[in-house]
Amino acid sequence: MTAMLTQPVPATPAARPLRRTLARALLSDWFVLWLTLAYFLILLPVLPTLGTPANLANLLSNAWPLLVVALGQTFVMTIGGIDLSQGAVIGLTSTLGAALIATAGPPEVLSKAPIWGLLIFEDGGVLAGQLWLGLLAMLLAGALVGLVNGTLVAWLDMPAFMVTLVSLITVGAFAIWLTQSENIRNLPDSYVALGKGEIVSVYIGPKEEPQIPRRQVHELVTYAALVAVTLAVALHLLLERTAFGRQVLAVGANRRAAEIAGVPVRRIIVLVFVLSSLCATVGAVLYSARLEAGRPTLGEGTFLLDVIGATVIGGTSLFGGKGKVLWTVFGVLFFVLLSNSLNLMNLSTFHIDMVKGGVILAAALLDVARTRLLRGMA
Amino acid sequence: MTALLRFEGLGKDWFGVPAVRDLSLDIPEGRVLGLIGENGAGKSTLMNMIGGITAPTHGRMLWRGQPYAPASAADARAAGIAFIHQELNLFTNLTVAENLFIDGFPRRPGLLRPFIDRRAMRDRAAEVLARLALDLPPERTLDSLSPGERQLVEIARALHHDAALIIFDEPTTSLTPRETDRLFQAIEGLRAAGKTVIYISHILADVQRLSDGIAVLRDGRLVGEGPVADFDIPRMIRTMIGRDLAAVYPSRTAPPRGRPVLEVQGLSAPGVIEDVSLTVREGEILGLFGLMGSGRSELARILMGLDPAMRGDARLLGHPLRGGPRDRIRQGLAFVTENRREEGLMMDASIRDNLTLPAIERLRGPLGLDADRIADTAQALRETVRLKAQDLARQPVRSLSGGNQQKVVIGKWLPTEPRLFILDEPTRGVDVGARSEIYGLMDRLAAEGAGLLVISSELDELMGLCDRISVMSRGEVVATFDRARFDERRIIASAFRQAEGDAA
C-alpha cells in the first residue's frame with residue numbers, strides 16, 4: 001500500500017491532455033456551435049420561453065437575413081478588409097427596389113421626394129409589379145456600390161475602413177434623400193412572400209381542432225431560409241472549392257506574396273467587395289419584404305454591429321487570411337440567440353447593445369488567442 | 001581567470017525531446033566567441049536560456065561565478081546581457097536619442113518633471129555615440145537610417161545599459177558589405193573595451209574573421225570547441241554537419257545548351273538600372289553579383305513586372321515580356337524573392353496551400369478544384385524538393401526551418417513549368433546542409449533545360465554554382481566572367497568599379 005502511495009504523481013502529463021483538448025476545441029470549426037448549444041441549454045431552465053416553437057421560429061427568421069449579409073462580410077474580412085457600407089447598401093437598394101416595383105404611390109407621402117414623377121407615380125413604380133426586373137435593378141445598384149468600394153481599395157490602395165466608411169455616409173444619405181426619409185409601401189405580394197412566405201409549417205396542438213389558430217402554426221421552411229441556405233452553400237463551395245476562393249485566402253494571408261505568385265490581387269479585391277454588396281442587397285430584399293416596405297434607414301444603427309459581430313464571433317479573422325462560411329453560420333446563430341435571449345429577459349436595448357459589445361470584444365480576444373495557439377503549436 | 005558566463009551540464013527538454021543536452025562551456029571575459037551550428041542545432045534554445053526566455057531543465061549557468069537563473073528577459077538585461085537580433089527592437093518613428101533612453105528619459109527638474117529634458121537627452125546620447133566612435137546624429141529619426149546604422153544604434157543602446165555580454169544573432173543578413181565592415185569595426189571596438197561578445201552566424205568566413213574562439217553545436221550537443229586558429233572553414237562545416245561535405249556545390253550535371261531563354265536589351269529605369277543587357281541560355285545558371293543598391297534586386301523586380309522599366313526590351317524565348325507578374329508567370333517566369341517571409345510565403349497557411357498557390361488555376365477539375373490533384377501535386381513537390389515536413393495539409397509554413405521554407409518557395413513554382421527562374425538570395429538564412437540541397441535542386445532545374453538567373457551577395461556561392469557571372473554596379477552591368485575565368489579579386493574589384501573585367 002505504502003509503495004503505491006509514494007509513487008510520484010505525474011502532474012503535468014495529466015494536465016497536458018486537458019490543455020490539448022481545450023486547445024483543440026478552441027481551434028475546431030464547430031467550437032461556436034458547441035458554445036451556442038451550451039448557452040441555449042444553460043438558459044433553457046431559467047428562460048423556458050426560449051425553447052418554445054414560436055420563439056425558435058422567430059429566432060430562425062431573424063437569423064436568415066443576417067446570415068446573408070454576414071456571408072459577404074466574411075469574404076471581405078478574409079481578404080483582410082472590412083465593409084462598413086453594407087447597411088447603407090441595404091437602405092439604398094431596399095428603397096430603390098420598393099420605389100420601382102410598388103403598385104401604388106401615395107402622393108401625400110412621396111410628392112416631395114426627388115424620385116416622385118421619375119421612378120414612382122401615383123399608380124406605382126416604373127416597374128410596378130415586375131418582381132424580377134425589380135430584383136435585377138436592386139442587384140445592379142448594390143453591385144455598383146461594391147464596384148466603387150473595391151476599385152478604390154484595390155487600385156488606389158486606400159484602406160477598406162476609410163473607403164467603406166465614406167460609402168456608409170454618402171450612400172446612406174443618398175438613400176434618405178431619395179424619398180426624403182419616407183418609407184415606400186404598397187409592395188407586390190410576390191415580393192413580400194420572399195420575406196414572409198412559408199413553404200413548410202408545423203402546427204403543434206390538439207388534432208381535433210376544426211380550425212387551426214394562426215398563432216399556433218410555426219413556419220419551418222420559408223423562402224428566406226431557402227435563399228439564405230442556398231447562398232451559404234454556394235459561397236461555401238466558392239471559398240473552399242474554387243481557385244477564386246483559394247486566391248481570396250491567399251490575398252488575405254499575404255497580399256505581396258500572392259501578387260508575386262500570379263494571383264490577380266486587384267481583381268479579387270474588387271470582386272470580393274462586389275460580392276459583399278450583393279449579399280447586402282439580398283439581405284435588403286429579405287428585410288424589406290418582411291417589413292413590407294422599402295426603408296432608407298433599414299440598415300442603420302447597430303445593424304453593422306450585428307453583422308461584424310456575428311462574423312467575428314464565428315471565427316473569421318480580423319487580420320485576414322482565415323475565414324469560413326461554416327464559422328459565420330455558427331456565428332450568426334450565436335448572435336441571434338444572444339439577442340433573442342436578452343430580449344426575452346426584458347432588457348432595454350441599451351443593455352442589450354452593451355452586452356453585445358462585450359461579446360464582440362470577447363470574440364476579438366478569442367481570435368487573438370487562436371492565432372497564438374496556432375503559432376504555439378507550430 | 002574566471003569565466004564571465006559558464007554552463008555546467010546545461011540541458012533543455014521540450015516535452016521529453018532534448019533541444020540542448022549536457023552542455024558545459026566557459027565564456028571568458030573580453031573575448032569574441034563564434035557560435036555556429038545548423039538550424040535546429042540548439043543555438044536558439046541556448047540563447048533563450050541565457051536571455052531568460054526559457055528555463056533550463058538540467059544543469060546550471062554561472063555569471064561571474066555566481067549561479068545565474070534569469071526568470072525573464074528583464075533579469076538578463078539587469079545582469080548585463082544584451083541581444084542584437086536580425087529583427088531589431090527599435091522604434092523607427094523615434095530619434096536615435098529617444099531610442100537610447102526609451103526606458104528612462106532624463107526629466108526636467110521640479111514642476112516640469114513630467115517633461116523630458118531634451119537637451120540633456122541629446123547631450124548624453126551624443127556622449128554614448130562618441131564613446132563608440134559612431135558618427136550618428138542623435139536627433140535623426142530611425143526610419144531615415146539604413147539597416148546598418150540602425151544596428152549600430154542597437155549596439156549603442158546595449159552599451160548605454162552597461163551590458164557586459166553582447167550577443168549578435170545573424171546581424172549581417174540585411175547589411176551591405178560596407179555596413180558589415182562598420183559593424184565588424186564596432187565589434188572590434190567592443191572587444192577592445194573589454195566587452196564579451198557571442199557572435200552567431202551562418203556566414204562562416206565572418207565568424208572566422210571576428211572570433212577568438214569557436215563553439216560548434218550539433219543536435220543540441222557541444223561537438224567542437226577551441227581557439228579560432230584550430231578551425232578552418234572546412235573543419236567548421238565538418239563539425240557542424242557531422243560528416244564530410246565533399247562538395248557543398250554540385251558538379252553540374254549538364255552543360256548549358258544553345259537557345260537563349262531570356263534576352264535583355266538596353267533595359268533602363270531612371271535612377272535604378274541603366275542600359276542593362278544580358279542573356280540566359282537554356283540550362284544555364286547566370287550569376288548576378290553586385291553590392292546592395294547596385295540594381296541587381298531591382299532588375300529582378302522589373303523583369304517580373306513588379307516595377308516599371310522606361311526603355312529597353314526583355315524577351316522570354318523570343319516573346320517580349322509584358323504585363324504584371326500574373327502575365328509573366330504564364331509566359332514562363334518564376335521569381336524566388338529575397339524576402340521569403342514578406343513576399344514569398346503565407347506564413348500561417350499550410351505547406352500545401354503555399355506549394356499549390358501559383359498553379360492553383362491549373363488544378364481545376366470539372367467541379368471546382370480537384371482536391372486529389374492538389375494533394376498529389378503537393379506530395380510530388382515534397383519529394384522533388386526533399387522537404388522535411390510532417391503534415392502538408394495542416395502544418396503551417398511558419399513551423400518549418402529556414403531551409404525548408406526556402407524549398408517551399410522554390411518548389412511552389414515547379415507546377416507552372418517555368419522556363420526562367422529568377423532567384424534572389426536563394427540561400428539567405430539557410431544552413432549548410434539545406435543549402436547544398438538547394439544548390440542540387442537548382443542544378444537539376446538547369447539540367448532539365450530551364451534558365452536560372454541567380455542573384456547573390458555571396459560570391460563563393462555564385463562561383464561554385466554558375467556558368468557565368470555578371471557584375472552590376474550603380475545600375476549597370478559592368479562586367480561578365482565565364483566560369484573558366486572566375487577570379488574572386490577581379491569580380492569584387494569590378495563590383496566596386498576599381499577595374500574593368502572581361503567584356504562578354
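Colleague: Two strands pair if DSSP finds at least two bridges between them. Going by that, how many bridges do strand 4 and strand 5 of chain B have?

Modeller: Three, and the two strands pair in the antiparallel sense. Keep in mind that this is a predicted model. Strand 4 covers residues 58-63 of chain B, and strand 5 covers residues 66-68 of chain B. Across the pairing, B:Met61 sits opposite B:Tyr68.

Colleague: What do strand 4 and strand 5 of chain B form?

Modeller: A hairpin, with two residues between the strands. In the turn, B:Arg64 has a positive phi of about 50°.

Colleague: Which strand does strand 1 of chain B join?

Modeller: Strand 1, residues 3-14 of chain B, runs antiparallel to strand 4 of chain B, with five bridges between them. One pair to look for is B:Glu8 with its bridge partner B:Arg60 in strand 4 of chain B.

Colleague: Back to positive phi. Where does B:Asp219 lie?

Modeller: In the loop between strand 9 (213-218) and strand 10 (221-227) of chain B. Its phi is near 50°, which is positive although B:Asp219 isn't a glycine. Most residues other than glycine have a negative phi.

Colleague: New topic: in what order do the strands of the open sheet in chain B come?

Modeller: The order is 12-11-14-15, four strands with antiparallel pairing. Strand 12 (273-281) and strand 15 (319-320) of chain B are the edges, each pairing on one side only.

Colleague: How many residues does each chain put into the contact between A and B?

Modeller: Chain B gives 22 residues and chain A gives 20. On the chain B side, helix 10 (325-331) and helix 11 (340-344) each supply at least two. That side of chain B has eleven nonpolar, four polar and seven charged residues.

Colleague: On to chain A. Where does UniProt place the transmembrane regions?

Modeller: The unreviewed entry lists several, including residues 160-178 and 326-344 of chain A. In the model, residues 160-178 of chain A are 100% helix, with end C-alpha atoms 26 Å apart. Residues 326-344 of chain A are also 100% helix, and their end C-alpha atoms lie 27 Å apart.

Colleague: How do helix 10 and helix 15 of chain A cross?

Modeller: At roughly 145°, with the axes coming within 9 Å. The residues in contact include A:His236 and A:Leu239 of helix 10 and A:Val329 of helix 15. By class, the contact has six nonpolar, one polar and no charged residues.

Colleague: Last one: which element of chain A has the lowest mean pLDDT?

Modeller: Helix 1, residues 2-6 of chain A, at 39. Where pLDDT is low, the predicted coordinates should not be read in detail. Chain A averages 88.

Key:
Residues are numbered from 1 along each chain as its sequence is written. Chains are lettered from A and ligands numbered from 1 in the order in which they are written. This is a predicted model: local features need pLDDT of at least 70, side-chain atom pairs count only at pLDDT 80 or more; totals for chains, interfaces and linings use all residues. pLDDT is the predictor's confidence in each residue, from 0 to 100. Two residues are in contact if their C-beta atoms, placed from the backbone, lie within 7 Å. Ala, Val, Leu, Ile, Met, Phe, Trp, Tyr, Cys and Pro count as nonpolar, Asp, Glu, Lys and Arg as charged, and the others, Gly among them, as polar. UniProt positions are given in the numbering used here, feature names are shortened, and annotations may be inferred rather than shown by experiment. Axes are lines fitted to C-alpha atoms, for helices over the stretch in contact, and angles run from 0 to 180 degrees between N-to-C directions.
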